[in-house]
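The following paragraphs walk through one protein, from its overall architecture to individual residues. Please keep the sequence and the model in view while reading.

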Amino acid sequence: MTVRTAAEDKKGEDFTILDLEGRTIVADTFVIVTGRSKIQTRSIADAITEAARRDGFAVARTEGYNDGGWILIDLGAVVVHVFT
């Protein structure tokens with residue numbers, strides 16, 4: 001819920017949750033959200049990482065932020081993909 005609320009607050013679109021539990025060791029859940037521009041994807045990623053930290057989740061790493069076309073946020077069991 002933390003990720004969804006943060007993404008929706010920044011007008012993220014096409015929010016999708018993929019349940020991967022038992023299918024991969026990478027994560028239990030992939031979350032996919034779309035932004036309309038690189039500026040918006042960065043804003044969505046910022047909101048998600050801030051909300052995750054505020055709610056006690058560790059942010060293991062973020063990749064692709066500088067480019068902004070595809071940003072990956074690793075929250076451990078949940079991996080968020082923010083695309084343009």
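The secondary structure of the protein comprises 2 helices and 5 strands, where helices (H or I, at least four residues) and strands (E, at least two) are DSSP runs numbered from the N terminus. Followed along the sequence, these elements give the pattern α-β-β-α-β-β-β. The model is a predicted one, in which local features need pLDDT of at least 70 and side-chain atom pairs count only at pLDDT 80 or more, while totals for chains, interfaces and linings use all residues. Residues are numbered from 1 along each chain as its sequence is written, and side-chain values use heavy atoms, with hydrogens and water left out.

The overall dimensions come next. A compact globule with 84 residues would have a radius of gyration near 12 Å, and the protein, at 12 Å, agrees with this expectation; the radius is taken over C-alpha atoms, and the globule rule is 2.2 Å times the number of residues to the power 0.38. The C-alpha trace spans about 35 × 25 × 20 Å along its principal axes. Of the contacts in the protein with a separation of 6 or more, 46% are accounted for by residues 24 or more positions apart, a contact meaning heavy atoms within 4.5 Å.

Burial and surface can be read together. Of the 84 residues, 40% count as buried, where buried means under 20% relative accessible area, exposed means over 50%, and partly exposed lies in between (1.4 Å probe, protein chains only). The protein exposes about 5,100 Å², of which carbon and sulfur atoms supply 52%; these areas come from the Shrake-Rupley method with a 1.4 Å probe, and for residues only the protein chains shown count as cover. As for charge, there are 10 positive and 13 negative side chains, and the centres of the two sets lie 5 Å apart. In this count Lys and Arg are positive and Asp and Glu negative, with His and the chain ends not counted, and the place of a charge is taken as NZ of Lys, CZ of Arg, CG of Asp or CD of Glu.

In soluble globular proteins, nonpolar side chains tend to be buried together. Here the largest nonpolar core has 18 residues, of which Val-3, Ile-48, Ile-73, Leu-75, Val-80 and Val-82 touch the most other members; such a core is a set of buried Ala, Val, Leu, Ile, Met, Phe, Trp, Tyr and Cys residues joined through side-chain atoms within 4.5 Å. The elements that give two or more residues to this core are helix H1 (2–9), strand E2 (29–34), helix H2 (38–54), strand E4 (70–74) and strand E5 (78–83), and H2 gives the most, with 6 residues. With residues up to four places away in sequence left out, Val-82 touches Val-33, Thr-41, Ile-44, Ile-48, Gly-69, Trp-70, Ile-71 and Ile-73.

Thr-49 lies in helix H2 and is buried, because its relative accessible area is 11%. Beyond residues up to four places away in sequence, Thr-49 touches Val-59, Thr-62 and Ile-73. Glu-50, likewise found in helix H2, counts as exposed at 55% relative accessibility. Between Glu-50 and Gln-40, which are 10 residues apart in sequence, the C-alpha to C-alpha distance is 15 Å.

Arg-4 has its place in helix H1 and is partly exposed, with a relative accessible area of 33%; not counting residues up to four places away in sequence, Arg-4 touches Phe-15 and Ile-17. Although Arg-4 and Ile-32 are 28 residues apart in sequence, their C-alpha atoms are 9.8 Å apart in space. Phe-15 is found in strand E1 (residues 13–19) and is buried, since its relative accessible area is 17%. Under the same exclusion of residues up to four places away, Phe-15 touches Val-3, Arg-4, Ala-7, Val-31, Ile-32 and Val-33.

Lys-11, in the loop between H1 and E1, has phi near 65 degrees, a positive value in a residue other than glycine, and Lys-11 is exposed, with a relative accessible area of 60%. Asp-14 lies in strand E1, has a positive phi near 50 degrees, again in a residue other than glycine, and counts as exposed at 56% relative accessibility.
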